[in-house]
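Take a look at the sequence and the structure shown here. A short walk through the fold follows.

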Amino acid sequence: MVDESGIMAFGRYAHIVGWGKAVPNRVVTNHELEQIVDTSDEWIRSRTGIHQRRIAVDPAETTATLAAKAAREALEVADIPASKVDMIIVATSSPEHTFPATACAVQDMIGAVNAGAFDLSAACSGFVYGLGVAKGLIASGQAENVLVIGAETLSRITDWSDRNTCVLFGDGAGAVLVQSSPVPGGILATEMGCDGSGGDLLILPAGGSKMPATLETVASGQHFIKMNGRAVYRFATRIMAEATRRVLSKANLTVDDIDLVIPHQANERIIAVSMRNLKLPEEKVFRNLQYYGNTSTASIPIALYEALEQDRIKPNDTIVMVGFGAGLTWAGTAIKWGVPTEKETSLWRASQRSASYGLAKARSQWLRLSHLLGSNLVTEDGESLAQALSNRLEDWRKQLESDEEEEEQRHDPKQEKPSLPNGTSSSDES
Ligand code: UT7
């Protein structure tokens, strides 16, 4: 593993400076599930703590569209344009396709023209793994701004006739913008682990190279989530406390230093047992699984978003996020919260951003056309017509961004970046 203290010595810290959330509108209650499988609201509430979940019923709403919506909000809060994002990491267990990566679709949707993009497959631990990777990219100087997204449409890979699984999961996305800063704090340490011998306990068996899709795999439901709930439960109640202790030790902290734990929102009983093991008081544990069910990689960033919304996090607080999932994987991170939790965006900036997203969409459409036409239609200079139009759109978008920066300086020349708790700005030299 990486020497955490060594990374700090470079003086590049990774702070979460933006956050966003997207969930489908359709609420599905436990009572509705009583109509399709042999279950009851009472069983679901008492065994899991879940009251309802959000389901993407519109086929046009996908993992990528939810991810892009959450990402746009995170950029809004961070107050940076999509063109300044260096890397997009989408943690997901329900990607749009095996390839290309869902992160590439997000890159196109938000117009992050300078970003690399890849998917991260570590199941429900994926978002916290993503934070660990983002911290590494920033600490090593390879990136300034990294979007880390957890996004799922698990409803599309759920067997709605299997009561063991269909009552548990929900759809949604959460995103954060992790930014480089010379100000100490931010992501202090991460713990990422795996026990591959438990791979069969929670699995989507078919559709990969081991079990390619056939009529039989479809007929026998092998393209749906299969889970040994009891075994995963035993693993989860052990590993959540263990991963928390390990990450605290890496960050030279103790359980008493924690202001808030944001655990993976899988099951109320798993959270309760794990937090009791840690002797953490109830008020230091955030829960919202009653509203969303288990949204896998999206559960922690959605919970983080709502914790911020409810004023449960303040600058200088120590936050631990910890999760477990298929693999079997686990991950924890300890964060010294670095930025103000209330952000205002002017109407002017919001409309600039929305125009910029409109241009990104137009650019994407022209590029798609260009891929189809190849070099069939060319300008007088020999450039592909679609590419020429795309370049023009990109110029307009850049113009919008520079107008935005000028406008910002005109209104508030001192405010360049959200200020950090010690009063410095995130762009100050150390
Ligand atoms: O992100 C990671 C994802 N996975 C998890 O977090 C899963 C971890 N596991 C769990 O959360 C729990 O094991 C479950 C909630 C899945 C199940 O709770 P449990 O207390 O472990 O129940 P169980 O599997 O021991 O089943 C108890 C009974 C069984 O009936 P019998 O065999 O005792 O007659 C099940 O068939 O409950 C039955 N059952 C249900 N009954 C009503 C299972 N699912 C349901 C249901 N409604 N939806």
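The paragraphs below go from the whole chain to single residues.

Keep in mind that this is a predicted model. The protein chain has 14 helices and 13 strands. Of its 430 residues, 47% are buried. Now consider contacts between residues at least 6 apart in sequence. In the protein chain, 78% of these join residues at least 24 apart.

Start with the core. In soluble globular proteins, nonpolar side chains tend to be buried together. Here the largest nonpolar core has 118 residues. Ala67, Ile89, Val106 and Ile149 have the most contacts inside it. Helix α4, residues 63-78, gives the largest share of this core, with ten residues. Which residues does Ile149 touch, leaving aside its neighbours within four places in sequence? Its partners are Ala67, Ala70, Ala71, Ile89, Val90, Ala91, Val106, Ala173 and Ala175.

Strand β1, residues 13-22, runs antiparallel to β7, and nine bridges join them. Strand β6, residues 145-153, pairs with β7 over nine bridges, again in the antiparallel sense. Look at Gln179 in β7. His15 stands opposite Gln179, and Asn145 stands opposite Gln179 as well.

Next come two helices. Two packed helices are described by the angle between their axes and the distance between the axes. Take helix α9, residues 229-250, and helix α10, residues 268-277. Their axes come within 8 Å and cross at roughly 35°. The crossing is right-handed. From α9, the residues in the contact are Tyr233, Ala236, Thr237, Met240 and Ala241. They meet Ile270, Val273, Ser274 and Asn277 in α10. The residues of this contact divide into six nonpolar, three polar and no charged.

Now turn to the loops. Glu61 lies in the loop between β3 and α4. Leaving aside neighbours within four places in sequence, Glu61 is in contact with Pro24, Ala56 and Leu66.

Some loops hold cis peptide bonds. One runs from Phe99 to Pro100, with omega near 0°. Pro100 is in the loop between β4 and α5. Another cis bond joins Gly327 and Leu328, where omega is about -5°. Leu328 is found in the loop between β12 and β13.

Finally, check the phi angles of two residues. Ala123 is not a glycine, yet its phi is positive, near 50°. Ala123 lies in the loop between β5 and α6. Ala123 counts as buried because it has 23 C-beta neighbours inside 10 Å. Asn316, also not a glycine, has a positive phi of about 80°. Its place is the loop between α12 and β12. Asn316 is partly exposed, with 13 other C-beta atoms within 10 Å.

Methods:
Residues are numbered from 1 along each chain as its sequence is written. This is a predicted model: local features need pLDDT of at least 70, side-chain atom pairs count only at pLDDT 80 or more; totals for chains, interfaces and linings use all residues. A nonpolar core is a set of buried Ala, Val, Leu, Ile, Met, Phe, Trp, Tyr and Cys residues joined through C-beta atoms within 7 Å. A residue is buried if 20 or more other C-beta atoms lie within 10 Å of its own, exposed if 12 or fewer, and partly exposed in between; C-beta atoms are placed from the backbone. Helices (H or I, at least four residues) and strands (E, at least two) are DSSP runs, numbered from the N terminus. Two residues are in contact if their C-beta atoms, placed from the backbone, lie within 7 Å. Axes are lines fitted to C-alpha atoms, for helices over the stretch in contact, and angles run from 0 to 180 degrees between N-to-C directions. A crossing is left-handed if the near helix is turned anticlockwise from the far one by less than a right angle, and right-handed if clockwise. Ala, Val, Leu, Ile, Met, Phe, Trp, Tyr, Cys and Pro count as nonpolar, Asp, Glu, Lys and Arg as charged, and the others, Gly among them, as polar. Two strands pair if DSSP finds at least two bridges between them.
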